[in-house]
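This report covers a metal site, a helix pair and the surroundings of selected residues. The sequence and structure come next.

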Amino acid sequence: MLDSTLDTLDLHTLGQEMYSLIEELYPICRSITGDGFRETLCRIQRFIPIAVHEVPSGTRVFDWTVPKEWNIRDAYVKDAQGNRVIDFQRSNLHVMNYSVPVKRRISLAELKGHLFTLPEHPEWIPYRTSYYEEGWGFCLPHRQLLTLIDGEYDVCIDSALEPGHLTYGECYLPGESQDEVLISCHACHPSLCNDNLSGLSVATILARHLVSMSRRLSYRFLFIPGTIGSITWLSRNKSTVSRIKHGIVLACLGDSGGYTYKKSRRGNADIDRAFGHILEHSSSPHRVVDFSPYGYDERQYCSPGFDLPVGCFMRTPHGQFPEYHSSADDLNFVRPESLAGSFQICLSVLHLLEHNLVYVNRNPECEPQLDKRGLYPSVGRYQDPGRLRLAMLWVLNLSDSKHTLLDIAERANMPFGLILESARLLHTSGLLIPHRAPLGGS
Ligand SMILES: [Zn+2]
């Protein structure tokens, strides 16, 4: 069950692979619907099996409606000499995402009502959307806005906003148990890297890693447009969401900041404890923050009607890095080693969940004599036999059919890996047996 790979991960190669995937997807103009989203799923399908779902525009999903589908071919603003002063072909961020079609000649004064800049970062192009209110606009560096001279401009947005579909991708990897781990990321942003091609690439390579592993738990990876995607998925899968025992929303995992884990609404779900434990025993800067009803798709998974055990794993959270939602969230802002570190934490958490079982001490009346069973260890991966022996004593003491290995690791304040290693040695020696009904989740 996800064994043996944690210590032998080639993090350098994995980091490069995730970065290359981001490089490949970066130029595509994605949105919450449309061909850019489909193209993205198509490219991910090279790595993992993905079922692509298409939900018609106009479909009611709880209090929302699946919007019209948006596609764009070209867009520009031309000056009087016919020069493209703003050009979609140079960056898809130049067009406000979901802009309706436009072809007009207008004055600079009127044009300015449709231009968006970031005066505090005059070299950057902002990322703007208008999904649920029809409109149009262009985004540009503030420095460039200041150079636009009075006169008339030809404005063209060659887009289509028509009845079509909302597309999402689902990769389901069945395990021995129907109990599921949900791993969800939004895939609707155009040329932006940390938010959220980073989450997309970590999820993809994580899924590829799990494909060939034997799995106790089942895994469901969702590649969805933000907000409307999770709402749509939940409305179509309401009858089976009770299988979700643990869930993570992945976002902003490629910057060089420390880790941030945002707890589920429940606050004490196994996923919350697993992330807290793995981060605490990692050597990396991190913080664990409480749930709040603002952020990514955890808002929907943790809405009161579902209250699923789904947290959100990030490095620097949305809105807390200046490059957020701007052209500066580019290929230079994310780093292969940051992606690799995020991947390693995720895999360590999944490994913990896979092995977080309950055992029973078969010799509960006073301590068993470890020496005569060869359990005074001088061998093993752990260099400190005294610590391993102490871990065995903790496992023996708390394996009373009521405590999971994570319960024991927390109480002993020891890394889960050490507690698991101890449990295996004790199991092999016959002192410990798995509890008949392992706890599948919270
Ligand atoms: Zn965003």
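Buried means under 20% relative accessible area, exposed means over 50%, and partly exposed lies in between (1.4 Å probe, protein chains only). Helices (H or I, at least four residues) and strands (E, at least two) are DSSP runs, numbered from the N terminus. The model is predicted: local features need pLDDT of at least 70 and side-chain atom pairs count only at pLDDT 80 or more, while totals for chains, interfaces and linings use all residues. Residues are numbered from 1 along each chain as its sequence is written, and side-chain values use heavy atoms, with hydrogens and water left out.

Helix α11 (residues 405–412) is mostly covered, with six of its eight residues buried. These are Leu-405, Leu-406, Asp-407, Ile-408, Ala-409 and Ala-412. Contact here means heavy atoms within 4.5 Å. The elements covering the buried residues of α11 include α7 (270–280), α9, β17 (358–361), α10, β18 (400–404) and α12. After α11 comes Asn-413, which has a positive phi near 55°.

Helix α10 (residues 385–398) packs against helix α12 (residues 416–428) at an angle of about 75°, and their axes are 8 Å apart. Axes are lines fitted to C-alpha atoms, for helices over the stretch in contact, and angles run from 0 to 180 degrees between N-to-C directions. Angles under 35 degrees count as roughly parallel, over 145 as roughly antiparallel, 65 to 115 as roughly perpendicular and the rest as oblique. The two helices α10 and α12 are therefore roughly perpendicular to each other. Residues in this contact include Leu-388 and Met-392 of α10 and Ile-419 and Leu-425 of α12.

The zinc ion has His-189 (NE2), Asp-195 (OD) and His-325 (NE2) as its protein donors, 2.1 Å from it. Donors are N, O and S atoms within 2.8 Å of the metal (3.2 Å for Na, K and Ca); water is not among the atoms, so sites may look incomplete. The spacing of the donor residues in sequence is H-x5-D-x129-H. His-189 and His-325 are 136 residues apart and link distant parts of the chain.

| Residue | Relative accessible area | Class |
|---|---|---|
| His-189 | 11% | buried |
| His-325 | 23% | partly exposed |
| Thr-232 | 0% | buried |

Thr-232 belongs to helix α6 (residues 228–236). Leaving aside neighbours within four places in sequence, Thr-232 is in contact with Val-55, Val-61, Val-66, Leu-166 and Tyr-168.
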